[in-house]
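Q: I would like to learn how to read a few structural features from a set of coordinates. Could we go through them one at a time, with the general idea ahead of the case?

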Amino acid sequence: MTEAGVSMSHTPAGNPAGTLLLQRREVAALLDLGECVEAVERAFQLHARGESLPPGVLSAYVPDGGFHVKAAGLKLERAYFAAKFNGNFSGNASRFGLPNIQGVILLCDAENGYPLALLDSIEITIQRTAAATAVAARYLARPESEVLTVCGCGNQGRSHLLALSRVLTLKQVFAWDADPVRAHDFAREFSERLGVAVEAVDELHTAARQSDLCVTCTSARRWFLACEDVRPGTFIAAVGTDSPDKQELDPQLMAVSRIVVDSLAQCAEFGELHHALEAGLVTRESVCSELADVVAGRKPGRTSPEEIVLFDSTGVALEDVAAAVAVYHKALRQGVGQRLDFAA
């Protein structure tokens, strides 16, 4: 194993003789949220133009959690493929002192299969998820939106507030969490950090009714946001439902909203759409578009200031590829990480 930055021999195809290994702290230092938003938006554009390997997912559920493999490819300055292997166990923090979501991303050259990099997945998962919501808000929220409610004040709540503040001018933020202490800590931190009024609230329904945007990023197993909590014109990003047993929204809310999904196949299987389909309140044809088609201008996003627009986000591998490539190139430029030749 040798440090990155040291002269390396190369394969005939031009790849370095070794896979770049990047730890979580290194990925966190390299991954800029603004760059991640732009990379994710470009990934959706490329996907809409057919310049991708379509994303796929394989899931396996076990007691108290589950595993998933998400994979896709993008044609950038070269063709890349990435597969993310994540474990998702919502009780990890309290039971074992471990992250609830953890895993690795394998980034490969899609022309010859060479394993270019193996990256810790935690920071990429956190940031690329928020980046996708920020991209969706660019196209689906009312441009004058300035009041946000964040449901869930963990890692995703934090990254979502930061990402949305990059694409919209926020003036008021309400923070709600099942743990009131965490909501108050969140409000105190981001009031100072962003210079925006961030208020912890115990009553979600009142806050949501005052909001232009509402982001749900919890591990809830029972819905908590109802139709009567949402006023006309609101943009909702439903982020926490990434397995069939999770749910954050009243299925009736899906029925009265303009629905845009990150992936129709995934959302129908384990997103908020899954629950609305099971309840018989919507059909697949009720979905207006996938986000890629909106970003590419192939289908309309918001069509009126009054409609409720709902983004069902289950997290697609296109986002992982885009973020992993950005980190990989920056690591090469800065000489960060180590190399291991698995074929040696």
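Q: At what angle do the axes of helix H4 and helix H5 cross, and within what distance do they come?

A: Two packed helices are described by the angle between their axes and by the distance between those axes. In this predicted model, the axes of H4, residues 122-140, and H5, residues 155-167, cross at roughly 40° and come within 8 Å. That angle makes H4 oblique to H5, and the crossing of the two helices is right-handed.

Q: Which residues in H4 and H5 meet, and how does the contact divide by class?

A: On the H4 side the residues include Thr125, Ile126, Thr129, Ala130 and Ala134, and these belong to a set that meets H5 residues including Asn155, Ser159, His160, Ala163 and Leu164. Sorted by class, the contact of H4 with H5 has 8 nonpolar, 7 polar and 1 charged residues.

Q: Where is Gly315 found, and is Gly315 buried or exposed?

A: Gly315 is found in the loop that runs between strand S15 (309-312) and helix H12 (317-334). With a relative accessibility of 1%, Gly315 counts as buried, because the cut-off for that word is under 20%. Beyond its neighbours within four places in sequence, Gly315 is in contact with Lys70, Arg128, Asp262 and Gln266. Along the chain, Arg333 is 18 residues from Gly315, and the C-alpha atoms of these two residues are separated by 28 Å.

Q: In which strand does His68 lie, and which residues does His68 touch?

A: His68 lies in strand S4, residues 65-75, and is buried, with a relative accessible area of 12%. When residues up to four places away in sequence are not counted, His68 touches Val57, Leu58 and Ser59, as well as Lys84, Phe85 and Asn86.

Definitions and conventions: Residues are numbered from 1 along each chain as its sequence is written. This is a predicted model: local features need pLDDT of at least 70, side-chain atom pairs count only at pLDDT 80 or more; totals for chains, interfaces and linings use all residues. Side-chain values use heavy atoms; hydrogens and water are left out. Helices (H or I, at least four residues) and strands (E, at least two) are DSSP runs, numbered from the N terminus. Buried means under 20% relative accessible area, exposed over 50%, partly exposed in between (1.4 Å probe, protein chains only). Contact means heavy atoms within 4.5 Å. Axes are lines fitted to C-alpha atoms, for helices over the stretch in contact, and angles run from 0 to 180 degrees between N-to-C directions. Angles under 35 degrees count as roughly parallel, over 145 as roughly antiparallel, 65 to 115 as roughly perpendicular and the rest as oblique. A crossing is left-handed if the near helix is turned anticlockwise from the far one by less than a right angle, and right-handed if clockwise. Ala, Val, Leu, Ile, Met, Phe, Trp, Tyr, Cys and Pro count as nonpolar, Asp, Glu, Lys and Arg as charged, and the others, Gly among them, as polar.
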